[in-house]
Amino acid sequence: MRYAFFPGCVSRGGAPELYQSTIAVAGRIGIELEEIEGWSCTGAGALQESNPLLGDTLNARNFALAQRMGLSIMTICSTCQGVMAQARVRLEDEEYRAQINELLAEEDLEYTGGIQVKHMLWIMVEDIGLDHIKSLAVKSLDGVFLAPFYGCYIVRPSAALEYDAYPQRKIALELVIEALGATAVDNDGKTRCCGFPILTINERNSLAMVAKHTGEAQDLGADAMVTPCPLCHLNLDGFQSKAARQVGRQINVPILHLPQLIGAALGLDGPALGLNRHIVSSFDVALKMGLRV
Amino acid sequence: MQAKVSVRRFNPDEEQPKPYDQQYDIEVEEHFTVLDALIKVREEVDGSLALRCSCRAAICGSCAMRVNGHAVLACKARVSQHLSDDGEVRVEPAGNQPVIKDLVVDLEPFWNKVRAVEPYLQPSLPEPEAEYLAPNEVMLHLVDVMGCIMCGACVSDCTVLEVDPNFLGPAALAKAYRFVADTRDEEDSKRLGLYNGYGGIWDCTRCGECVAACPKGVAPMDRIMALREKAIESGTPPGGYDGAAYGYRHAEAFEEIVSHKGRLEETMLVVKTLGMFNLPKMLGMLPVGLNAMFHRKMPSPFAPTVPGVNQIRRLAARIKMNKDGAAR
């Protein structure tokens with residue numbers, strides 16, 4: 001299966017282990033990734049606040065670049081996925097699309113509508129199939145307890161994310177966790193906000209959210225949390241110790257990226273998956289998953 | 001059809017009051033709403049169950065509560081669509097509000113926040129002889145936001161209120177937008193200054209829970225984003241709350257970085273938002289930065305240029321030019 005790969009800024013910036021593990025895992029499960037040359041930021045919802053037209057234009061440009069490759073887009077970031085899905089809906093309006101295509105024309109690009117944008121998480125469930133992943137797994141993650149954490153943009157708004165047509169998207173992360181033999185730890189925080197968007201605006205609140213969700217996962221006995229969103233990862237991993245200090249308790253929950261989890265079951269080792277690049281040590285969970293660390 | 005209605009109950013009159021779950025197994029019809037089921041429980045099984053309702057037609061906003069973890073109007077939610085595989089539906093009081101008894105919450109904090117945004121028209125004098133008139137076309141865009149029935153479903157599911165009760169919250173801020181966007185109201189600048197404060201528009205995380213919870217399509221988060229845009233565009237000073245100043249700079253820096261580089265550079269965004277010479281903040285970020293560097297996570301400031309970045313710069317410049325032209 002071949003996709004136009006949209007890595008997103010964070011996997012090329014503050015969470016390089018996501019990019020690394022995605023490439024490693026894709027090769028093992030037969031996903032061919034052709035990175036969209038010249039892709040730009042989706043706006044992450046922040047640009048949409050100050051300049052919605054630029055946000056939609058940049059997304060239309062990414063869509064047009066992918067269409068020129070004749071491929072559907074694969075994302076690895078909940079935020080990119082959600083922002084693109086929302087832009088995609090707005091760009092179905094022909095008049096609006098024409099206005100934006102006029103801007104793109106100088107680069108000889110045109111977005112004709114109808115592009116398919118799918119997160120790697122959804123591709124696992126809908127295109128590759130859980131049975132196939134299971135058949136490729138060289139080890140079962142039996143006895144490993146993992147708390148799913150989705151990231152807002154891959155959950156809401158459900159209409160743009162086509163939850164009606166694909167109801168399994170609501171539990172996709174749990175499905176992958178369970179398919180690999182691990183136990184999904186249900187937690188109230190799983191579809192809530194990690195606090196990342198207000199980290200620089202109201203750090204106290206942002207850290208309170210980190211402490212709430214990681215603390216909950218720990219209290220429920222999770223060995224780690226798993227997220228398809230690198231922005232959630234940055235906050236839950238990078239700021240976990242600061243958040244724990246703020247609430248005056250010990251919290252120590254590793255935050256895994258989705259492809260790191262899949263890679264673990266496929267027999268890839270810790271360094272290959274970039275597990276040594278986390279701020280909260282994933283040593284214990286890696287050992288429990290039987291990885292070389 | 002049988003349903004197990006599991007209700008989170010709370011009785012303040014008990015010696016040591018604490019919430020507990022109680023399950024009622026009842027027969028429901030296909031057309032039953034959650035409210036129908038609860039009323040049936042109260043009338044036929046357990047008269048002590050407290051809940052608030054009035055119109056039963058999704059108009060009055062009295063029966064907002066959580067069903068299976070998310071806020072809904074109980075009178076609008078069908079039991080059959082919320083039953084789990086083993087026939088259970090979980091009902092809890094609305095979140096982020098103090099529980100008085102069972103499913104009844106105290107709306108006093110909610111109304112205090114609505115009052116705090118000055119939810120009334122403030123036109124300039126002199127007063128007209130009769131009502132303040134506005135042409136239909138300038139009011140049409142307010143139809144959705146004026147559809148708010150003050151049920152508090154958005155407040156129930158707000159992720160910020162979970163950690164900070166000071167936040168004005170989605171309902172009050174959507175109401176605030178309704179007056180800023182009303183052409184008859186002439187206190188925009190005072191209002192935007194007020195909403196820029198601690199607990200105001202900059203504290204929203206953009207998580208979208210309020211949009212998902214709203215039964216009337218008010219989309220409070222979108223209104224908060226529109227207020228942010230208006231605050232920046234109108235040149236309203238950020239005021240005394242640091243968060244607002246950071247919010248302004250975050251929006252500006254994000255656009256500037258993406259317009260120039262085509263992609264986001266997180267480190268630059270943090271530095272530009274907080275200010276290079278903001279020592280307390282910079283020192284606060286230092287341990288995380290060093291840790292990231294130690295784990296080879298710190299993005300390189302010498303990242304290669306994005307192919308075609310000139311096209312991105314051209315698009316950004318052209319859109320900015322059109323925007324500035326329109327503003328003049």
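Two strands are taken to pair if DSSP finds at least two bridges between them. On that basis, chain A of this predicted model holds an open sheet of four strands in the order β6-β5-β7-β8, with parallel pairing. An open sheet of four strands in the order β2-β1-β3-β4 is also found in chain A, again with parallel pairing. Chain A and chain B bury about 5,200 Å² between them, and nine salt bridges are found across their interface.

- Strand β5 (residues 145-148) of chain A is joined to β6(A) by two bridges, in the parallel sense.
- Within this pairing, A:Phe145 has A:Thr183 of β6(A) as its bridge partner.
- Helix α10(A) lies across β7 (224-227) and β8 of chain A, and its direction makes an angle of about 160 degrees with β8(A).

**Sheet β2-β1-β3-β4 of chain A**

- In the sheet ordered β2-β1-β3-β4, the edge strands are β2 (32-35) and β4 (117-119) of chain A, each of which pairs on one side only.
- On average, with direction ignored, neighbouring strands of this sheet are turned by 40 degrees against each other.
- Strand β1 (residues 2-6) and strand β3 (residues 73-75) of chain A run parallel and are joined by three bridges.
- A:Ala4 has A:Ile73 in β3(A) as its bridge partner.
- Helix α6 (residues 120-128) of chain A lies across β1, β3 and β4 of chain A, and runs at about 95 degrees to β4(A).

**Extent of the interface between chain A and chain B**

- The size of an interface is often given as the accessible area lost when the parts come together.
- Of the area of about 5,200 Å² buried between chain A and chain B, 58% is on carbon and sulfur atoms.
- A:Glu49, A:Arg192 and A:Ile201 supply 15% of the area that chain A buries against chain B, more than any other three residues.
- Chain A contributes 59 residues to the contact, and chain B contributes 60 residues.

**Polar and charged pairs**

- The interface of chain A and chain B includes 25 residue pairs in polar contact, both residues being at pLDDT 80 or more.
- On the side of chain A that touches chain B, the elements giving two or more residues are α1 (16-29), α2 (46-50), α3 (52-69), α5 (94-104), α9 (203-219) and α10 (230-238) of chain A.
- The residues on that side of chain A comprise 27 nonpolar, 17 polar and 15 charged.
- Over all chains, the whole structure has 36 salt bridges.
- One salt bridge links B:Arg228 and A:Glu49, with the closest N and O atoms 2.7 Å apart.
- B:Arg228 belongs to helix α10 (residues 220-233) of chain B and A:Glu49 to helix α2 of chain A, so the pair joins two chains.
- A:Arg192 and B:Glu209 also meet through their side chains in a salt bridge, at 2.7 Å from N to O.

**Backbone geometry in loops of chain A**

- Most residues other than glycine have a negative phi, and most peptide bonds are trans.
- The peptide bond from A:Arg156 to A:Pro157 is cis, with omega near -10 degrees.
- A:Pro157 is located in the loop between β5 and α8 (172-179) of chain A.
- A:Asp108, although not a glycine, has a positive phi of about 65 degrees.
- The loop between α5 and β4 of chain A contains A:Asp108.

Methods: Residues numbered from 1 in each chain as written. Chains lettered and ligands numbered in written order. Predicted model: local features only at pLDDT ≥ 70, side-chain atom pairs only at ≥ 80, totals over all residues. Heavy atoms only, no water. Contact = heavy atoms within 4.5 Å. Buried area = accessible area lost by both parts, 1.4 Å probe. Salt bridge = Lys/Arg side-chain N within 4 Å of Asp/Glu carboxyl O. Polar contact = N/O pair within 3.5 Å; in protein donor to acceptor, adjacent residues only side chain to side chain. Nonpolar A, V, L, I, M, F, W, Y, C, P; charged D, E, K, R; others polar. Axes fitted to C-alpha atoms, helices over the stretch in contact; angles between N-to-C directions.
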